[in-house]
Amino acid sequence: LVTTQNLTLGDKQFIVVGEEPISTALRPALDSVIGTGVITLLTLFIAIAIVALVVRQIVQPIEQLSQTAQAIRDGNLDARTNMTRSDEIGVLARSFDDMTNRVQDLVRNLADRVNERVRDLTVASEVSRQVTIQLDADKLLTDVAELTAKAFSLYHVSIFLYDKGQQTLRFAQGTGVVGSQMLEMGKQ
């Protein structure tokens with residue numbers, strides 16, 4: 001690379017000519033391009049690291065919440081997120097697990113109630129059947145008392161009949177030892 005410079009010293013003018021290799025002349029520009037490239041690569045690596053961190057901290061937990069929700073939707077009420085985070089996603093996960101626990105309890109309670117109603121209807125149906133086939137009133141009362149005790153897991157069942165004339169209840173039948181004793185005593 002050739003450079004020229006006009007110099008004036010007193011009344012004389014000089015032209016100074018200098019020559020330097022192109023690599024030396026372009027070294028500042030090349031250093032600038034290399035520096036810019038390094039900064040660009042460093043910025044790119046930092047951006048990739050931030051994206052990976054965001055994916056790890058936000059996207060993956062949300063995907064886990066979504067998978068748990070799909071499992072619950074498909075009927076798996078035992079599915080939980082099992083997240084221990086303390087940030088907003090952790091709060092959401094705990095709320096989600098709490099709601100799932102409540103739904104599971106409601107389903108369990110509903111199933112228990114349905115089973116109780118089925119049992120009640122079964123006992124009522126059996127009592128109705130006994131009423132239609134059993135002609136002996138004492139045998140009918142014994143069967144109904146025993147069926148009731150068994151169906152409801154009761155220690156003792158007593159059946160009292162209402163006497164309209166005297167307007168009193170009269171002991172008619174009982175189960176177990178207590179029922180036998182009451183019957184012998186003529187309990188009213």
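Trainee: Which element has the highest mean pLDDT?
Mentor: Happy to start there! This is a predicted model, where local features need pLDDT of at least 70, side-chain atom pairs count only at pLDDT 80 or more, and totals for chains, interfaces and linings use all residues. Residues are numbered from 1 along each chain as its sequence is written, and side-chain values use heavy atoms, with hydrogens and water left out. The chain averages a pLDDT (the predictor's confidence in each residue, from 0 to 100) of 86, and 98% of the residues score at least 70. Helix α4 (residues 176-185) has the lowest mean among the elements, 79, while the highest, 90, belongs to α2.

Trainee: Are α2 and α3 roughly parallel or roughly antiparallel to each other?
Mentor: Good one. Helix α2 (residues 88-133) packs against helix α3 (residues 137-151) with axes 10 Å apart, at an angle of about 170°. Angles under 35 degrees count as roughly parallel, over 145 as roughly antiparallel, 65 to 115 as roughly perpendicular and the rest as oblique. The two helices are therefore roughly antiparallel.

Trainee: How many charged residues are in the contact of α1 with α2?
Mentor: The axes of helix α1 (residues 22-73) and α2 come within 11 Å and cross at roughly 10°, which makes them roughly parallel. Contact (heavy atoms within 4.5 Å) involves Ile-58 and Leu-65 in α1, among others, and residues of α2 including Leu-92 and Phe-96. The contact residues divide into 10 nonpolar, 3 polar and no charged.

Trainee: What kind of aromatic pair do Phe-160 and Phe-171 form?
Mentor: Rings of Phe, Tyr and Trp (its six-membered ring) pair if their centres lie within 6.5 Å; planes under 30 degrees apart count as stacked, over 60 as edge-to-face and the rest as tilted. Phe-160 and Phe-171 lie 5.5 Å centre to centre with 70° between the planes, so the pair is edge-to-face.

Conventions: Axes are lines fitted to C-alpha atoms, for helices over the stretch in contact, and angles run from 0 to 180 degrees between N-to-C directions. Helices (H or I, at least four residues) and strands (E, at least two) are DSSP runs, numbered from the N terminus. Ala, Val, Leu, Ile, Met, Phe, Trp, Tyr, Cys and Pro count as nonpolar, Asp, Glu, Lys and Arg as charged, and the others, Gly among them, as polar.
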